[in-house]
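I have a new structure open and my notebook next to it. Here is what I looked up, entry by entry.

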Amino acid sequence: MKNVRGFTVIPALPEALKPLRELAYNLWWSWNPDAYQLFRRLDIDLWEEVYHNPVSLLGRVDQRRLEQAAGDAGYMAHLNSVLMSLHDYMTGQTWFDEHYIDLKGQSIAYFSAEFGLHECLPIYSGGLGILAGDHLKSASDLGVPLAGVGLFYRQGYFTQRLSSDGWQIEEYPYHDFHQMPVTMVKDAQGNPLRITVDIAGSSVAAQIWKVQVGRVNLFLLDTDLPGNRSEDRQITYRLYGGDQDMRIRQEIVLGIGGVRALEAMGIRPAVCHMNEGHSAFLSMERIRLVMERDHLSYDEAAEVIRASNVFTTHTPVPAGIDTFPLDMVRKYLEKYVNNMGCGWDRFLNLGRQSQNPRDQAEPFCMAVLALKLAGCSNGVSKRHGRVSREMFHKVWPGVPVNEVPIISITNGVHTKTWLSQDMAELFDRYMGPQWADNPVDRDVWARVWDIPDGEFWRTHERRKERLVAFVRRRLREQLRRRGAPPAEIKAADEVLDPDALTIGFSRRFAPYKRGTLMFRNLERLGKLLTNPHRVVQVIYAGKAHPNDTLGKEIIKQLIQWANRPEFRRRIVFLEDYDINVARYLVQGVDVWLNNPLPPHEASGTSGMKCPPNGGINLSVLDGWWPEAYDGENGWAVGDGRIYSDIEYQDHIDSESIYDLLEKEIVPMYYDRGPDGLPRRWIQLQKGSMSTITPVFNTNRMVAEYTEQLYAPAVRRWLLLTTENYQRGKEFTSWTKHVCQDWGQVQVLTIQADEEINAKELSVGDELMVRANVRLGSIKPQEVRVEIYTGRLDLDGEISDGCAVPMQCAGQADGDSTFTFQGRIPCQQAGPHGYAVRVVPCHPHQCHPYASGLIRWG
């Protein structure tokens with residue numbers, strides 16, 4: 001068939017209901033129950049059938065029902081109330097407006113390979129995407145001028161199905177973008193706006209789609225276009241699909257194409273935030289754009305762009321980071337890099353920790369590229385920050401591990417997205433609207449204790465009843481699709497008990513998550529699950545990556561155990577874990593189990609979603625939990641010790657889980673007073689809610705990103721780019737001068753107080769240290785001379801040291817030698833040591849080690 005011309009049909013909404021279309025295309029409705037209910041009221045059954053997609057709903061709802069709603073005074077009052085709330089939200093004064101007046105007009109671009117915003121937009125796989133979606137929602141709530149950039153996957157991640165023996169089967173349905181809450185970005189002539197990216201000699205076009213997330217826009221690139229080659233159309237087919245070759249092509253489109261898309265729309269962000277290393281190529285494109293547009297050299301452009309880039313690493317193990325063979329990188333990027341004038345070897349070294357440019361064995365690492373071209377970097381929990389500093393310390397040779405410039409900003413969740421409507425209404429009654437307006441206010445969450453225990457418990461019970469009904473309904477559908485016999489399908493109505501202690505475990509089924517840890521001792525587990533007087537039940541959900549055979553084996557093994565006659569009503573595995581399933585689980589379970597192999601959990605956010613809903617965490621002390629756990633707001637599995645023998649670690653942790661369940665959790669849950677209320681359990685729920693919810697939310701998290709990373713980076717950008725990049729050029733010239741002359745820097749002598757003979761001091765004393773430093777052509781004000789001091793470990797090395805600044809006391813012998821002195825305060829008894837070092841110092845530096853230069857005495 002030739003010369004087919006396309007057109008789009010939109011719903012014929014009555015005039016009074018036309019605002020519904022605008023509302024449907026702003027995902028603000030997804031975290032506002034009144035707006036959500038507005039669509040659900042049109043047709044409850046159809047709302048479930050279209051999987052809570054308002055655009056699809058409006059296109060399929062019966063025209064007579066629309067006319068009826070338009071004439072319904074109650075429905076119209078509901079609509080007008082929601083529209084007024086949306087207007088107030090979109091136009092009201094925000095936190096960012098109040099705190100960052102000087103940054104008005106600037107913008108931040110947030111790049112991520114996946115975004116988990118809602119189940120009707122399936123372009124996410126798990127925690128990274130859910131976090132990115134919550135990040136956008138909180139940026140909207142706070143008024144942070146942020147735009148998201150990602151890829152629009154035609155087939156998403158995958159739909160999970162399980163065979164009769166429990167083996168995971170992946171299905172890849174095609175998604176109709178025109179039936180989703182997205183709009184195509186068009187140029188001034190009304191044509192689809194497209195950009196092109198060269199990929200191994202092929203010009204690949206991508207069109208841009210926009211998702212409205214409250215005040216924030218998310219832009220998604222789509223290469224599934226008729227003019228592209230078949231292999232290029234497939235670039236945006238599947239999230240995390242294909243081999244390494246497909247992955248690097250996706251990351252070129254995300255990073256390079258994403259920056260070009262923003263430029264094509266006239267958006268020039270002051271800061272770009274790389275959420276994991278997938279988008280790290282954006283740094284090179286930003287450099288190229290500045291060089292081309294503003295006629296800067298590569299070095300000048302690189303300094304300016306580095307100062308305005310932010311990078312977040314989410315991976316605590318090297319195996320989880322994207323790396324590519326050097327020949328693959330050469331195939332796709334050599335021409336691009338050479339055209340920039342960067343130099344191929346210089347570019348390769350940006351992606352490798354090795355300082356040897358001739359080392360061909362080390363692959364090109366996207367996280368290292370991001371670290372070297374970002375002015376600020378962070379891990380996603382305090383523990384993960386420490387792990388990341390250890391993992392990447394070779395990027396900054398000579399810098400002590402504890403001073404590696406990677407800070408930590410702990411993850412959070414968007415509270416309103418994950419909170420049940422029942423609990424939200426309870427909060428409204430007893431805590432007022434402040435819990436929603438300012439979810440980080442601890443005083444507001446302390447009012448949880450004012451909620452009567454009876455009401456609190458009944459609300460939680462209602463959510464668990466809905467969870468059990470949802471699980472039964474979903475299980476019936478699973479069995480029906482699988483071709484199970486009618487008796488087995490009917491038995492699905494008897495699984496789980498709404499009154500029983502319910503444990504939830506849902507996440508990506510990677511081996512380190514230890515999904516079957518509870519099954520190590522089947523005898524102890526059996527006694528817990530089959531006690532008729534104190535019933536315990538567990539709900540599992542999660543996907544394994546299509547290429548993760550071990551993860552699939554774990555699911556299969558779990559299913560086979562769950563199918564044992566004695567466990568069949570007490571253990572359920574739900575297929576196709578997604579945002580909708582997660583919402584039901586975190587809103588209804590009593591206990592959230594988290595038992596990854598430490599220290600492999602960077603943060604984890606699933607457990608953060610339970611406390612606002614009354615769920616309590618049972619978790620190993622890894623990721624975010626060591627920061628949250630206070631001994632009275634949940635349970636800790638083990639004592640935090642990490643063993644080199646994984647088998648022994650599994651034994652210790654599984655025994656800890658059994659002990660906690662048998663001796664504390666189950667008895668406390670079933671300890672009821674005369675009124676039938678588990679008073680001690682409710683106290684623990686309220687303790688968890690009041691201490692965890694105001695801290696581990698994305699409003700706090702995004703505010704910290706803004707205060708610690710975004711705002712400083714925006715100000716550096718403004719400083720370095722004003723007056724035709726004058727300060728940026730001067731800073732580049734200074735950096736070159738220091739790098740060229742750093743070989744002249746030498747610590748000649750170090751002396752402590754002469755009166756200290758026995759090398760013993762008392763707490764409260766000070767040790768004066770003097771050093772003669774030869775600087776050559778470098779001036780004293782261009783360096784920082786420091787005493788690095790701390791306790792000595794058993795190997796005689798300084799452990800967790802700190803820097804004490806030394807002051808220039810004047811010129812010593814020779815024109816370029818200066819004396820520096822400083823005092824070490826003796827604050828703690830024990831063996832201590834010190835060393836003297838010199839680092840470059842300039843007010844425009846992002847951090848002291850940005851130049852990679854350090855000289856030790």
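How are α8 and α29 oriented to each other, roughly parallel or roughly perpendicular? Before answering, I noted that this is a predicted model.

Entry one, the helix pair. I looked up the angle between α8 (residues 127-142) and α29, and it is about 80°. Angles of 65 to 115 degrees count as roughly perpendicular, so α8 and α29 are roughly perpendicular to each other. Their axes lie 8 Å apart. Next I checked who makes the contact: α8 brings residues including L131, H135 and L142, while α29 brings, among them, M701, V702 and Y710. Sorted by class, I got eight nonpolar, four polar and two charged residues in this contact.

Entry two, the cores. The largest nonpolar core has 183 residues, and I found that L20, V144, F281, I287, L333 and F347 touch the most other members. Helix α29 (residues 698-741) turns up again here, giving this core its largest share, 15 residues. I then picked F347 and listed its contacts beyond four places in sequence: F281, M284, V329, L333, V337, C342 and F364. There is also a second, separate core of 60 residues, and I spotted V448, L517, I555 and W561 in it.

Is Q478 buried or exposed? I found Q478 in helix α21 (residues 453-482). Its relative accessible area is 2%, and buried means under 20%, so Q478 is buried. The side chain of Q478 reaches the backbone oxygen of F573 at 3.4 Å. Leaving out residues up to four places away in sequence, Q478 touches F573, L574 and E575.

Definitions and conventions. Residues numbered from 1 in each chain as written. Predicted model: local features only at pLDDT ≥ 70, side-chain atom pairs only at ≥ 80, totals over all residues. Heavy atoms only, no water. Helix = DSSP H or I, 4+ residues; strand = E, 2+ residues; numbered from the N terminus. Buried < 20%, exposed > 50% of the residue type's maximum accessible area, 1.4 Å probe, protein only. Polar contact = N/O pair within 3.5 Å; in protein donor to acceptor, adjacent residues only side chain to side chain. Contact = heavy atoms within 4.5 Å. Core = buried A, V, L, I, M, F, W, Y, C linked by side-chain atoms within 4.5 Å. Axes fitted to C-alpha atoms, helices over the stretch in contact; angles between N-to-C directions. Parallel < 35°, antiparallel > 145°, perpendicular 65-115°, else oblique. Nonpolar A, V, L, I, M, F, W, Y, C, P; charged D, E, K, R; others polar.
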